[in-house]
Amino acid sequence: MPALPEASGAPRDPLSSPIPSVPLVLVAHGSRHPGVSAALDQLAAAVAAESGPERIDISTAFLDLTEPDLGTVAAALAAAGHRRAIVLPLLFTQAFHARVDLPETVRKAAQDTGLDLVTAEILGTGGDIEAILVDALTEADVEEESVVLLYAVGSSDPDANAAVMALASRLGSHRGSWDFAAFATCDPRADEQLGRVERLTVLPLFVSPGLLLNQLETAAADHDVRILPPLGNRLAPVIYARYRAALAAS
């Protein structure tokens with residue numbers, strides 16, 4: 001993955017300054033998939049390793065379907081004596097969960113516990129995520145001739161879907177391939193693309209395992225289409241950078 005750019009001018013790079021003792025809470029949407037909690041715990045450990053000898057305190061919470069919720073985690077941090085924490089949404093687009101659901105959840109948790117909760121930037125669909133996708137394809141030995149389907153959950157917000165499509169287009173430009181995006185919950189539907197494109201590889205824009213990913217894996221087996229694993233621990237450097245940026249800005 002490309003090195004993070006160095007800061008210029010007077011402000012210091014937040015990644016080069018000492019780490020204050022501020023815990024981090026990773027907030028995911030949640031899923032009924034039994035592997036979600038373990039995957040998030042592994043990701044939290046990978047992010048802690050990114051922080052070096054300081055080993056920041058990292059918790060995981062979920063917006064829905066999985067426990068614990070953010071209020072429970074915030075209450076535990078407050079009871080342990082913390083006064084503030086960084087909340088980092090494990091979301092790729094500025095859709096409903098990022099714009100409405102998460103802010104309301106953070107506001108209520110802060111009000112109920114008295115903890116100062118600072119929300120970091122979402123994972124997004126920028127250059128650092130693109131670099132992770134490129135690395136994932138390279139390490140999986142995906143052939144240059146393969147077309148990559150970037151698979152995301154999808155949203156009722158067209159701008160959110162457009163951001164994923166733009167990411168897939170940039171990925172294709174990087175690879176010199178006709179890569180494209182498709183979704184689980186809206187058009188274009190990923191399962192409808194499986195038999196239409198030869199030499200297809202599916203790259204999930206997912207943090208962890210989930211039922212939607214399982215459903216596509218089942219469909220892909222009928223078409224002999226390869227599906228790569230969710231991004232998981234590959235996201236640790238990006239998450240750590242978001243954490244440090246949130247600290248520097250707060």
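A: In this predicted model, strand S1 is covered on both faces. Leu24, Leu26 and Ala28 are buried on one side. Val25 and Val27 are buried on the other. S1 runs over residues 24-28, and five of its five residues are buried.

Now look at the partners of S1. S1 pairs with strand S2, residues 58-62, in the parallel sense, and the pairing has five bridges. Within this pair, valine 25 stands opposite serine 59 of S2. Between S1 and S2 the chain passes through helix H1, residues 36-50. This β-α-β crossover is right-handed. S1 also pairs with strand S3, residues 84-89. That pairing is parallel too, over four bridges. Here leucine 24 faces isoleucine 86 of S3.

Follow the chain past S2. Proline 68 sits in the loop between S2 and helix H2 (70-79). The peptide bond between glutamate 67 and proline 68 is cis, with omega about 0°.

Next comes an open sheet of four strands, ordered S6-S5-S7-S8, with parallel pairing. Strands S6 (180-183) and S8 (226-227) are the edges, each pairing on one side only. Strand S5, residues 147-152, pairs with S6 over four bridges, in the parallel sense. In that pair, leucine 149 stands opposite phenylalanine 180 of S6. Helix H5, residues 158-175, packs on this sheet. H5 touches S5, S6 and strand S7 (200-204), and its direction makes about 145° with that of S6.

What does glutamate 130 touch, leaving aside its neighbours within four places in sequence? The contacts are Leu167, Arg170, Leu171 and His174. Glutamate 130 belongs to helix H4, residues 127-139. Its relative accessibility is 15%, so glutamate 130 counts as buried.

The loop between H4 and S5 holds serine 146 and aspartate 141. Serine 146 is buried, because its relative accessibility is 8%. Beyond residues up to four places away in sequence, serine 146 touches Arg175, Ser177, Asp179, Arg199 and Thr201. Aspartate 141 is exposed, with a relative accessible area of 63%. Its phi is positive, about 55°, although aspartate 141 is not a glycine.

Aspartate 224 also has a positive phi, near 55°, and is a residue other than glycine. Aspartate 224 lies in the loop between H6 and S8. It counts as exposed, because its relative accessibility is 74%.

Another cis peptide bond joins aspartate 187 and proline 188, with omega about -5°. Proline 188 lies in the loop between S6 and S7.

Finish with the largest pocket. Its volume is about 870 Å³. The lining has 34 residues, and His29, Leu91, His97, Val153 and Phe206 lie nearest the centre. Helices H1, H3 (96-113), H5 and H6 (211-221) each supply at least two residues of that lining.

Terms used: Residues numbered from 1 in each chain as written. Predicted model: local features only at pLDDT ≥ 70, side-chain atom pairs only at ≥ 80, totals over all residues. Heavy atoms only, no water. Pairing = 2+ DSSP bridges. Contact = heavy atoms within 4.5 Å. Axes fitted to C-alpha atoms, helices over the stretch in contact; angles between N-to-C directions. Buried < 20%, exposed > 50% of the residue type's maximum accessible area, 1.4 Å probe, protein only. Right-handed = clockwise from strand over helix to strand, strands pointing away. 1 Å grid on protein atoms, 1.4 Å probe; cavity = no way out; pocket = protein on both sides within 12 Å on 5 of 7 lines; lining within 4 Å. Points joined across faces, edges and corners; volume = space filled by probe spheres on them.
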